[in-house]
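Please look through the model below before reading the points.

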Amino acid sequence: MKNNPVKKLWDKIPAGIVCLAVLGIIFGYLATVMGTPNMLNTLMKTAHDLLLNTVFYLMAICVLTSALSQILMDFGVVDLLEKLLRPLMKPLFNLPGVASLGAVMTFLSDNPAIISLSQDKKFSHYFKKYQLISLTNFGTAFGMGLIVIVFMVGQGFYWEPFVGLFGAFCGCIVSTRLMQRAVVKAYPKYKEENVVDHFDEEEEAAAVSGKSLFSRIMDSLLDGGKVGVGVGLAIIPGVLIISTLVMIMTFGPSETGAYTGAAYEGTEILPWAAGKINFIFDWLFGFKDPHLVAFPVTALGAVGAALGLVPTFIADGFVDGNAIAVFTAIGMCWSGYLSTHTAMLDSLGYRDLTPKAIGAHTVGGVVAGITAHLVCLLISLI
């Protein structure tokens with residue numbers, strides 16, 4: 001293996017040449033099919049339309065849901081939910097009861113919320129090391145959950161997103177348990193080691209004195225809204241870059257069959273490739289149209305970008321209730337884990353476990369989509 005001539009030759013090729021070759025193949029293909037002016041116009045117009053009609057809509061949802069989540073946190077509703085959900089945690093997820101607070105926080109905001117909790121000694125002293133590491137998978141499965149559900153309801157689907165929530169819940173169980181097994185197998189000592197060796201419980205600070213109820217409410221709403229603006233800004237690159245590239249590989253030319261440089265035109269290479277194995281996606285998720293594969297592919301990197309595909313899918317008549325349920329399940333469970341798992345595990349100090357976390361969560365997302373599809377089939381039979 002050390003004397004592999006192919007590997008030696010590959011190592012001698014400058015990374016810049018490889019980068020130029022990949023970009024040349026992608027954009028050369030697009031330009032050949034669409035024409036260079038049409039390709040450039042379509043890229044710009046699609047990104048512009050996504051910014052105006054999708055990103056700002058998602059940002060509005062982020063602001064409102066973040067303000068709501070801040071109210072729930074500041075006035076004790078999150079603590080109440082944590083106490084109600086605590087009995088489910090050990091038998092289902094093999095986690096301490098306080099982990100339910102992480103699920104609530106990530107559901108109301110985004111994946112990284114679990115990291116701020118895990119770095120708090122008042123929270124992490126309840127965990128063994130292997131349990132704390134598995135929080136990356138546990139928290140990610142609920143990331144941006146409220147935003148995803150509200151978005152789907154806003155598209156006119158009311159019960160299907162909650163079927164997807166159940167699917168994400170099942171996928172989370174699989175992902176978290178698989179991650180725990182992988183960590184214990186790699187580091188058996190983590191099963192018994194505590195995250196914090198010694199911790200003295202401190203009295204919680206009293207509520208901010210001197211503030212009226214009205215002031216506390218306004219502070220919570222405005223502070224939460226600012227967080228929502230930050231989340232809304234953070235999803236812009238993912239939506240514009242990933243969604244634009246996925247769309248130009250998903251949709252076809254104009255109705256006349258010619259390329260005009262309008263927004264949302266493309267080469268349909270992704271549905272073509274998916275169509276070759278669409279029986280698998282139909283069997284697993286109930287996808288009747290190969291275009292729908294674009295959603296889970298995009299959700300790998302950013303669920304906000306994946307949501308940007310949904311209005312166009314609806315307008316083109318590609319989706320039904322089953323697809324929305326599966327989208328919700330996969331969108332919540334994966335929620336951009338390829339782009340967040342590395343950073344999350346790095347911040348916890350366990351970067352070397354990233355491949356195990358990604359592998360476990362890939363399986364969990366597939367289970368989430370299958371579960372949502374099966375529940376939809378069961379409902380259709382009732």
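1. A patch is made of residues with over 30% relative accessible area and no salt bridge, where like charges are joined within 9 Å and nonpolar side chains (Val, Leu, Ile, Met, Phe, Trp, Tyr) within 5 Å. Accessible areas come from the Shrake-Rupley method with a 1.4 Å probe, and for residues only the protein chains shown count as cover. A salt bridge is a side-chain nitrogen of Lys or Arg within 4 Å of a carboxyl oxygen of Asp or Glu.

2. This is a predicted model, in which local features need pLDDT of at least 70, side-chain atom pairs count only at pLDDT 80 or more, and totals for chains, interfaces and linings use all residues. Residues are numbered from 1 along each chain as its sequence is written, and side-chain values use heavy atoms, leaving out hydrogens and water.

3. Phe75, Leu213, Phe214, Ile217, Met218, Leu221 and Leu222 make a nonpolar surface patch of about 630 Å². Leu221 belongs to helix α12, residues 213-234 (helices are DSSP runs of H or I, at least four residues, numbered from the N terminus). Its relative accessible area is 34%, so Leu221 is partly exposed (buried means under 20%, exposed over 50%, partly exposed in between, with a 1.4 Å probe and protein chains only).

4. Leu50 lies in helix α3, residues 36-74. Is Leu50 buried or exposed? Leu50 is buried, because its relative accessible area is 0%. Leu240 is 190 residues away from Leu50 in sequence, yet their C-alpha atoms are 6.5 Å apart. Beyond four places in sequence, the contacts of Leu50 (heavy atoms within 4.5 Å) include Val239, Leu240, Tyr264 and Gly308.

5. Asn94 sits in the loop between α4 (77-93) and α5 (99-108). Asn94 counts as buried because its relative accessibility is 14%. Its side chain makes polar contacts with the side chains of Lys90, at 2.9 Å, and Tyr130, at 3.1 Å. A polar contact is a pair of N or O atoms within 3.5 Å; within protein, one must be able to donate a hydrogen and the other to accept it, and residues adjacent in sequence count only if both atoms are side-chain atoms.

6. Rings of Phe, Tyr and Trp (its six-membered ring) pair if their centres lie within 6.5 Å; planes under 30 degrees apart count as stacked, over 60 as edge-to-face and the rest as tilted. This rule gives 13 aromatic pairs. The Phe285 and Phe287 rings have centres 5.5 Å apart and planes at 50 degrees, so the pair is tilted. Both Phe285 and Phe287 are buried.

Notes: Helix = DSSP H or I, 4+ residues; strand = E, 2+ residues; numbered from the N terminus.
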